[in-house]
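Student: Can you walk me through this model? I'd like to start with the ligands and then move to the aromatic residues.

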Amino acid sequence: MTHADILETAVLHWADEEACARAARALAKARPEDAVITLEGDLGAGKTTFTRFLLQALGVQGRIKSPTYAVMETYDVGWPVAHFDFYRFRDPQEWEDAGFRDVFSVPGLKLCEWPEKAQGLMPVADLAIRLTILEDCQRQAALQAHTDAGRRLLRALMEAHDRV
Ligand SMILES: Nc1ncnc2c1ncn2[C@@H]1O[C@H](COP(=O)(O)OP(=O)(O)O)[C@@H](O)[C@H]1O
Ligand SMILES: [Mg+2]
């Protein structure tokens with residue numbers, strides 16, 4: 001992930017966790033079948049929380065583990081989904097050995113926490129989401145589309161946002 005053009009941006013204010021869930025449901029409505037979505041922000045910002053809401057909205061049932069230790073958890077929602085947490089990712093060789101290169105080389109939804117820890121290996125994100133803790137349960141979510149696919153998702157999310 002090096003320099004990437006910014007095609008479109010949006011900023012959401014989440015007053016509480018339900019607002020986070022609403023944004024996730026709106027994104028699910030856009031049917032992100034083949035996209036790289038990155039989630040940046042401090043520990044506790046809500047990256048995993050947003051991802052869990054998104055996976056649930058896409059139909060994943062049961063407990064959704066944070067990939068903190070495994071680095072990757074995969075799902076099938078009618079299309080493949082991989083949820084990464086690169087926080088502990090250190091060794092570029094693992095990109096090959098753990099099969100991450102293979103995952104990124106085929107269509108599917110890739111949700112990536114801590115993309116900056118896999119810099120140089122990650123492709124450009126279609127949609128980058130940066131979460132900032134404001135106070136208490138409030139969060140700011142800054143969205144950036146870096147590709148046409150990402151722009152489509154961002155627009156669909158904003159469109160559906162007040163209806164889900
Ligand atoms: N508006 C909000 N959006 C997302 N999470 C929130 C919000 N308000 C409070 N939280 C809480 O903040 C924490 C975020 O943790 P987590 O999603 O694991 O963060 P991260 O993956 O970014 O480290 C959770 O305990 C969640 O319940
Ligand atoms: Mg997390």
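Student: Which helices each supply at least two residues of the shell around ligand 1?
Tutor: Helix H1 (17-29) and H2 do. Helices (H or I, at least four residues) and strands (E, at least two) are DSSP runs, numbered from the N terminus. Before we go on, this is a predicted model: local features need pLDDT of at least 70, side-chain atom pairs count only at pLDDT 80 or more, and totals for chains, interfaces and linings use all residues. Residues are numbered from 1 along each chain as written, chains are lettered from A and ligands numbered from 1 in written order, and side-chain values use heavy atoms, without hydrogens and water.

Student: Where does the largest share of that shell around ligand 1 come from?
Tutor: From H2, with three residues.

Student: How many residues surround ligand 1, and which are the closest?
Tutor: The count is 15, and the closest are Glu-17, Gly-44, Lys-47, Thr-49 and Cys-137. A residue is near a molecule or strand if one of its heavy atoms lies within 4 Å of it.

Student: What polar contacts does Gly-44 make with ligand 1?
Tutor: A polar backbone atom of Gly-44 is 2.8 Å from an oxygen atom of ligand 1. Arg-139 has a polar side-chain atom 3.0 Å from a ligand 1 oxygen. For Asp-16, a backbone N or O atom lies 3.1 Å from a nitrogen atom of ligand 1. A polar contact is a pair of N or O atoms within 3.5 Å; within protein, one must be able to donate a hydrogen and the other to accept it, and residues adjacent in sequence count only if both atoms are side-chain atoms.

Student: How much of ligand 1 does the protein bury?
Tutor: Ligand 1 exposes 570 Å² taken alone, and the protein buries 77% of that. Accessible areas come from the Shrake-Rupley method with a 1.4 Å probe; for residues, only the protein chains shown count as cover.

Student: On to the metal. Which protein atoms are donors of the magnesium ion?
Tutor: Thr-48 (OG1) and Glu-113 (OE), at 2.1 to 2.2 Å from the ion, which is ligand 2. Donors are N, O and S atoms within 2.8 Å of the metal (3.2 Å for Na, K and Ca); water is not among the atoms, so sites may look incomplete.

Student: Where do Thr-48 and Glu-113 lie?
Tutor: Thr-48 is in helix H2 (residues 47-57) and Glu-113 in strand E5 (residues 109-113), so the pair ties together parts 65 residues apart in sequence.

Student: Are Thr-48 and Glu-113 buried or exposed?
Tutor: Both are buried. Buried means under 20% relative accessible area, exposed over 50%, partly exposed in between (1.4 Å probe, protein chains only).

Student: New topic. How many aromatic pairs are there?
Tutor: The structure holds 12. In one of them, Trp-14 and Phe-50 are stacked, 5.7 Å centre to centre with 15 degrees between the planes. Rings of Phe, Tyr and Trp (its six-membered ring) pair if their centres lie within 6.5 Å; planes under 30 degrees apart count as stacked, over 60 as edge-to-face and the rest as tilted.

Student: What does the pair of Trp-14 and Phe-50 tie together?
Tutor: Trp-14 lies in strand E1 (residues 8-14) and Phe-50 in helix H2, so parts 36 residues apart in sequence are tied together. Trp-14 and Phe-50 are both buried.

Student: Why is the pair of Phe-84 and Phe-104 stacked?
Tutor: Because the ring centres of Phe-84 and Phe-104 are 5.2 Å apart and their planes at 25 degrees. Both residues are buried.
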